[in-house]
Amino acid sequence: MIKLTAGDIFDGQKFLGADRCLILDDDGAVSALVPRSWAGDGIIEVEGWLCPGFVNTHCHLELSHMQGVIPEGTGLPVFLQTVMEQREIPAPELVQEAMAKAAAAMKAEGIIAVGDICNTAASIPFKTQPGIYWHSFVECMGFIDAAAPRRLEHSLAVLARFREKGLPGSIVPHAPYSVSATLFRLLAGMENNTPVSIHNQESASEDSLYRSKTGAFLDFYRHFDMDISAFGMTGKSSLRSYLPYFAATPRMLLVHNTYTTPEDVRYAASLEQEIFWCLCPNANLYIENRLPDVKTLLNEGARIALGTDSLASNRQLSIWEEISTIHRHFPDIPMASILQWATLNGAQALGISATYGSFEKGKKPGLVQIHNGNAKAYTI
């Protein structure tokens, strides 16, 4: 049995103060969280705060080799164009090395679970190792209706590779600007495919495309010789255009939300399924030099989680750095609220809150030590 106390303990929802003791079984499961005076002898003093392991609900481990390749501030369409043109490199071992380094850094920081976007099965070697729970979001995309069945077939084959290794995953649409109506219908009709993640309103041009078939994405399609003549604008925001496809999907994770409006948040809240809003603020600043309207999300009662995006769009895969950025730009949001987004809310978004996200009896959520402005995994 292991007894820990700290300057403060955050349990996944609130700070408990310095007079508490976290008691763990020898295998790391939470046994109790009690007043320190009840715990007896043998208590280990931890400097700073103790917190459950962080949950990174949106990552692209496969892009780790692209760190520093794309300049900051390009805007999303140019960023995507660069990723598509420079994603493949001649030495596959460099991709593996970069992924290994990135996964190790997340583990060292105290990230205990990751929702990871995948286009291939290249990350399987890291996901079969202990230390991090991985949910693989196998990304499906294709803006031409006729190609939809073939695109889905390819994604199903990738997902099968993960499931052969006993790794959890689901097939998800990439983004409204890269998924045709036919492909949306096919994806929404899949059974036992939860949660569903989607890049949402990361650029103003995404809404322009759906509202009026204008904006920077038209240049993006022309650059790749894509014929989008069959695409019909809806006159609505992208969110209002695609969410109805997923009316029967029980849980969705909307990622980025950089240009989401109060009206869109209220519309999503009116639907029956669980919707989580994943924020990746450092990536938003890197690509668009803009942050989501976090205050609106809070005011509308949105359930927020946190992600890092990729090393192509971020300097590091650090949930603590995302927390720090939000705290710096929105200092009146309580730190306890932001930490809940990074722990319990993230675990709920990935459907793993029975094990992760909070210090509750029987859970094995991992430990993070936050001290002197830094966070790291705390190991006994």
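## Helix 7 and its partners

The buried residues of helix 7 pack against helix 1 (76–86) and helix 6 (204–212). Which residues of helix 7 are buried? In this predicted model, they are Phe217, Leu218, Phe220 and Tyr221, within a helix that spans residues 216–223. These four cover an arc of only 155° around the axis, so they lie on the same side of helix 7. An α-helix has 3.6 residues a turn, so residues three or four places apart point the same way.

Just after helix 7 comes Asp225, with a positive phi of about 55°.

## Phe231 in the loop

Phe231 sits in the loop between helix 7 and helix 8 (238–242). Is Phe231 buried or exposed? Its relative accessibility is 15%. Buried means under 20%, so Phe231 counts as buried.

What does Phe231 touch, leaving aside neighbours within four places in sequence? Its contacts are Phe143, Leu209, Tyr210 and Lys213. Gln340 is another matter. Phe231 and Gln340 are 109 residues apart in sequence, and their C-alpha atoms are 40 Å apart in space.

## Two nonpolar cores

The largest nonpolar core has 107 residues. Phe54 and Ile323 have the most contacts inside it. A second, separate core has 12 residues, including Ile9, Leu24, Phe359 and Leu367. In soluble globular proteins, nonpolar side chains tend to be buried together.

## A hairpin

Leu24 of the second core also stands opposite Val30 in strand 3. Strand 2 covers residues 20–24, and strand 3 covers residues 30–35. The two strands run antiparallel and are joined by five bridges. Five residues lie between the strands of this hairpin. Gly28 takes a positive phi near 90° there.

## The whole protein

Now step back to the overall fold. The secondary structure comes to 14 helices and 14 strands. Of the 380 residues, 56% count as buried. Take the contacts with a separation of 6 or more: residues 24 or more positions apart account for 69% of them.

How does the radius of gyration compare with that of a compact globule? With 380 residues, a compact globule would have a value near 21 Å. The protein has 21 Å, which agrees. Along the principal axes, the C-alpha atoms fill a box of roughly 75 × 45 × 40 Å. The accessible surface comes to about 15,600 Å², and 51% of it belongs to carbon and sulfur atoms.

Key. Residues are numbered from 1 along each chain as its sequence is written. This is a predicted model: local features need pLDDT of at least 70, side-chain atom pairs count only at pLDDT 80 or more; totals for chains, interfaces and linings use all residues. Side-chain values use heavy atoms; hydrogens and water are left out. A nonpolar core is a set of buried Ala, Val, Leu, Ile, Met, Phe, Trp, Tyr and Cys residues joined through side-chain atoms within 4.5 Å. Buried means under 20% relative accessible area, exposed over 50%, partly exposed in between (1.4 Å probe, protein chains only). Two strands pair if DSSP finds at least two bridges between them. The radius of gyration is taken over C-alpha atoms; the globule rule is 2.2 Å times the number of residues to the power 0.38. Contact means heavy atoms within 4.5 Å. Accessible areas come from the Shrake-Rupley method with a 1.4 Å probe; for residues, only the protein chains shown count as cover. The arc is that of the directions from the helix axis to the C-beta atoms.
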